[in-house]
Amino acid sequence: MEEIFISVAQRTLVAGTPLLLGTIGEVICERAGILNLGVEGVMAVGAVTAFIVTFTTGNPWLGLAAALIAGILISMTHAFSAITLQANQVVSGLALTMLGLGISGLMGKPYVGKPLAIKLDDLSIPLLADIPYVGPIFFQQSPYFYLAVILALLAWFVLQYTRVGIMIRSTGENPRATETQGINVTRIRYFCVLVGGAFSAMAGAHLSTSYSKSWIEGMTAGRGWIVIALTIFALWNPVRAMLGAFLFGGIFVLQYLLQPLGIPPNFLAMMPYIATLLVLLLGGLRDARKLNAPAMLGEPYRRGER
Amino acid sequence: MVQIKVTDRSQVSPWHTVATLVLSLVAGLAAISVIFLFFGVNPLFALKKIFVGSFGSAYGFKETVTKAIPLMLVGSGLALAFRAKFWNIGAESQLLMGAIFATWVGLNWCPQLPAPVAVPLIFLAGFVGGALWGVIPALLRIRFAINEVISTLMLNYICAEFLTLLIVGPWKGKTKFGFPYTDDLPASAILGVLPGSRIHYVTLFVALAVAVVLAMVVYWTRFGYEVRVIGENPEAGKYAGINFFRTTLIIMAISGGVAGLAGVGEVAGIHHYLSYPDSISSGYGYTGIIVAWLAKLNPLFVILSGLFFAGILVGGDAIQISLGLPAATVQVFNGTLLIFLIMGDYFLKNKVSFHFTTRLQAGAN
């Protein structure tokens with residue numbers, strides 16, 4: 001019983017890790033006022049890039065680095081059309097998802113079904129890992145888990161307490177006033193979209209080199225969309241994102257737990273998506289103004305216009 | 001020295017719009033060629049294969065028309081929703097729900113009915129199925145402020161699993177030797193095809209009629225005016241006394257309903273039984289988004305853009321087989337073309353002019 005509990009808790013955190021990474025990225029992006037619906041596609045590109053590089057070089061960290069670069073490069077399309085060309089962000093983000101899913105399929109074709117020989121070992125934190133229950137759950141984890149938690153705290157701190165964070169937030173709230181302070185809104189927004197892309201790609205790298213250690217087309221399985229929902233659930237706060245991401249990690253794990261009980265697998269596969277709707281429903285029951293969404297989220301900004 | 005000057009474009013001539021669209025598509029195809037080149041595929045060969053496979057041969061053209069049917073239906077419904085800035089990404093599952101409803105009615109009610117009754121009945125059932133599934137995100141958005149992009153996408157995943165659940169479980173056909181398909185629809189509910197093709201002409205006619213009627217609704221009726229106001233200036237809409245709740249529900253009932261009609265065509269015209277979600281719809285709900293966008297959200301132009309993207313789907317299949325490319329290739333096409341289309345929009349909204357000046361003049365400015 002104990003072992004089952006520990007293993008479930010452990011897997012919950014692992015399953016929640018890509019969701020957390022993606023959500024941090026989307027929080028940063030949306031705080032600057034840009035809605036990026038391309039997460040699913042960028043995640044897929046990150047996953048396939050990390051897989052290919054890890055497969056050929058045998059170094060998963062090199063794989064991660066390549067994924068970050070690929071994620072930033074492909075996010076440029078959304079940054080350019082949403083910021084420079086002031087295009088509709090919903091459509092531009094969708095286009096990025098389509099492009100990302102397509103390119104990842106093209107890139108990954110020769111690698112489908114090939115297992116990764118190199119495995120990213122779990123990292124045991126000395127001393128802490130020996131604490132009963134807590135140790136094995138929190139301190140014998142994939143390096144990506146630690147990375148995600150540290151980055152969530154870091155992102156929260158930066159957004160909340162630093163000058164850059166204030167610049168980002170005010171860009172999302174009131175770009176015109178921000179510009180009058182001598183801050184380059186365009187540059188801030190580009191920065192945030194590209195950082196967001198890097199986070200999505202990191203989430204993908206976790207999926208293909210640590211979580212499942214293989215590449216198949218469509219392995220992101222809607223996680224990119226759940227990330228968009230979690231961003232709202234997290235009220236644009238990276239620390240609250242941890243709560244949402246690990247809650248959903250739990251739902252992913254629950255699928256496998258309930259399977260032996262004779263519940264049809266297709267029904268279980270619906271659960272994360274139904275849960276997403278429920279979570280948003282709970283959020284929607286509150287006053288929409290208290291949601292605290294960045295005021296200018298999704299609104300193109302044009303310099304010198306009144 | 002080059003100065004780029006951007007000014008608002010007050011008027012856009014139709015000629016200018018067409019030229020921009022064509023240029024965007026050409027630029028998009030050029031970008032796709034670069035991607036192909038990068039993956040070691042000769043782009044000229046690939047583009048030629050796509051053209052021959054879709055429009056350049058009799059077989060290809062018939063297939064293109066066949067696939068244009070669901071794209072026209074989905075696209076014109078999406079054009080309506082997008083006009084109201086309701087981002088319905090759920091046409092994929094609204095189509096599937098239409099297929100599910102039509103199959104149930106076809107299997108349970110139609111065996112005793114003659115074709116002239118059965119066929120309208122399954123179309124009605126499909127419309128109701130798609131409309132009900134489409135109304136859910138509208139309700140969620142207006143009553144609970146839930147972003148419709150997410151809700152419609154989640155409903156896509158839920159519906160695909162639900163459909164699979166039906167065909168592997170309670171609806172599994174007794175005549176299908178254990179395969180996860182329903183039984184065949186009765187003959188009275190099966191749509192006729194043009195000889196030598198898979199073109200189920202009844203649905204084609206429905207699709208063309210829907211496009212024309214929706215175009216008239218959008219441009220000529222009070223409802224169409226309300227749709228445009230909600231999309232362009234919701235503040236003004238409140239003062240004009242537009243009932244947002246009612247109008248949005250109707251928009252999504254229509255948008256989902258016509259996607260449901262597409263599902264009826266796929267089941268009753270192509271497959272004749274319900275099977276896996278991927279085979280009932282090869283991503284028509286997503287491709288339909290670009291179809292609507294290329295048509296500039298005009299349901300009438302959806303007929304043309306639907307044909308164009310059907311050609312890309314059919315041609316995409318052709319190069320997948322002949323060049324051994326993965327199924328995702330079509331997504332590369334869709335994504336790239338959509339990106340270039342929205343980039344082209346910038347040049348419709350803004351006048352961009354280049355001024356070549358000497359250094360001296362530039363300094364004087």
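Tutor: What follows is a chat about the chains, where they meet, and a few residues in them; keep in mind that this is a predicted model.

Student: Okay, let's start with chain A. How many helices and strands does the secondary structure of chain A come to?
Tutor: You'll find 12 helices and 2 strands in chain A. Going from the N terminus, the elements of chain A run α-α-α-α-β-α-β-α-α-α-α-α-α-α.

Student: What is the radius of gyration of chain A, and what would a compact globule have?
Tutor: Chain A has 19 Å. A compact globule of 306 residues would have a radius of gyration near 19 Å, so the value for chain A agrees with that. As for the box, the C-alpha atoms of chain A fill roughly 65 × 45 × 40 Å along the principal axes.

Student: And how much of chain A counts as buried?
Tutor: Of its 306 residues, 58% count as buried. The contacts are worth a look too: among those in chain A between residues at least 6 apart in sequence, 78% join residues at least 24 apart.

Student: Which residues of H10(A) are buried?
Tutor: Among them are A:Arg223, A:Trp225, A:Ile228, A:Thr231 and A:Phe233. After H10(A) comes A:Leu235, which has a positive phi, near 50°.

Student: Let's pick a single residue. Where does A:Gln89 lie?
Tutor: A:Gln89 lies in helix H4 of chain A, which covers residues 89-108.

Student: Is A:Gln89 buried or exposed?
Tutor: A:Gln89 counts as buried, because its relative accessibility is 3%.

Student: So what is A:Gln89 in contact with, leaving aside its neighbours within four places in sequence?
Tutor: With that exclusion, its contacts include A:Gly33, A:Ile34 and A:Leu35. A:His78 and A:Ala82 are also among them, as are A:Gly298, A:Glu299 and A:Pro300.

Student: Switching topic: how many residues are in contact between chain B and chain A?
Tutor: On the chain B side there are 47, in contact with 47 residues of chain A.

Student: And what area is buried between chain B and chain A?
Tutor: About 4000 Å², with carbon and sulfur atoms giving 81% of that. Three residues stand out: B:Ile150, B:Met154 and B:Tyr157 supply 14% of the area that chain B buries against chain A, more than any other three residues.

Student: How many salt bridges does the rule find across the interface?
Tutor: The rule finds 0 salt bridges between chain B and chain A. For polar contacts, it finds 3 residue pairs across that interface, both residues being at pLDDT 80 or more.

Student: Which elements of chain B supply at least two residues of the side that touches chain A?
Tutor: Strand S1 (2-8), helix H5 (115-144), helix H6 (148-168), helix H12 (284-294) and helix H14 (329-349) of chain B each do. H6(B) gives the most, with 13 residues. By class, that side of chain B has 33 nonpolar, 11 polar and 3 charged residues.

Student: How many salt bridges are there over all chains?
Tutor: A search of the whole structure finds 7. One of the salt bridges joins B:Lys296 to B:Asp345, with the closest N and O atoms 2.7 Å apart. That pair links distant parts of the chain: B:Lys296 is in the loop between H12 and helix H13 (299-323), B:Asp345 is in helix H14 of chain B, and they are 49 residues apart.

Student: Are those two buried or exposed?
Tutor: B:Lys296 counts as partly exposed at 28% relative accessibility, while B:Asp345 is buried, with a relative accessible area of 13%.

Key:
Residues are numbered from 1 along each chain as its sequence is written. Chains are lettered from A and ligands numbered from 1 in the order in which they are written. This is a predicted model: local features need pLDDT of at least 70, side-chain atom pairs count only at pLDDT 80 or more; totals for chains, interfaces and linings use all residues. Side-chain values use heavy atoms; hydrogens and water are left out. Contact means heavy atoms within 4.5 Å. Buried area is the accessible area (1.4 Å probe) that two parts lose on being put together, summed over both. A salt bridge is a side-chain nitrogen of Lys or Arg within 4 Å of a carboxyl oxygen of Asp or Glu. A polar contact is a pair of N or O atoms within 3.5 Å; within protein, one must be able to donate a hydrogen and the other to accept it, and residues adjacent in sequence count only if both atoms are side-chain atoms. Helices (H or I, at least four residues) and strands (E, at least two) are DSSP runs, numbered from the N terminus. Ala, Val, Leu, Ile, Met, Phe, Trp, Tyr, Cys and Pro count as nonpolar, Asp, Glu, Lys and Arg as charged, and the others, Gly among them, as polar. The radius of gyration is taken over C-alpha atoms; the globule rule is 2.2 Å times the number of residues to the power 0.38. Buried means under 20% relative accessible area, exposed over 50%, partly exposed in between (1.4 Å probe, protein chains only).
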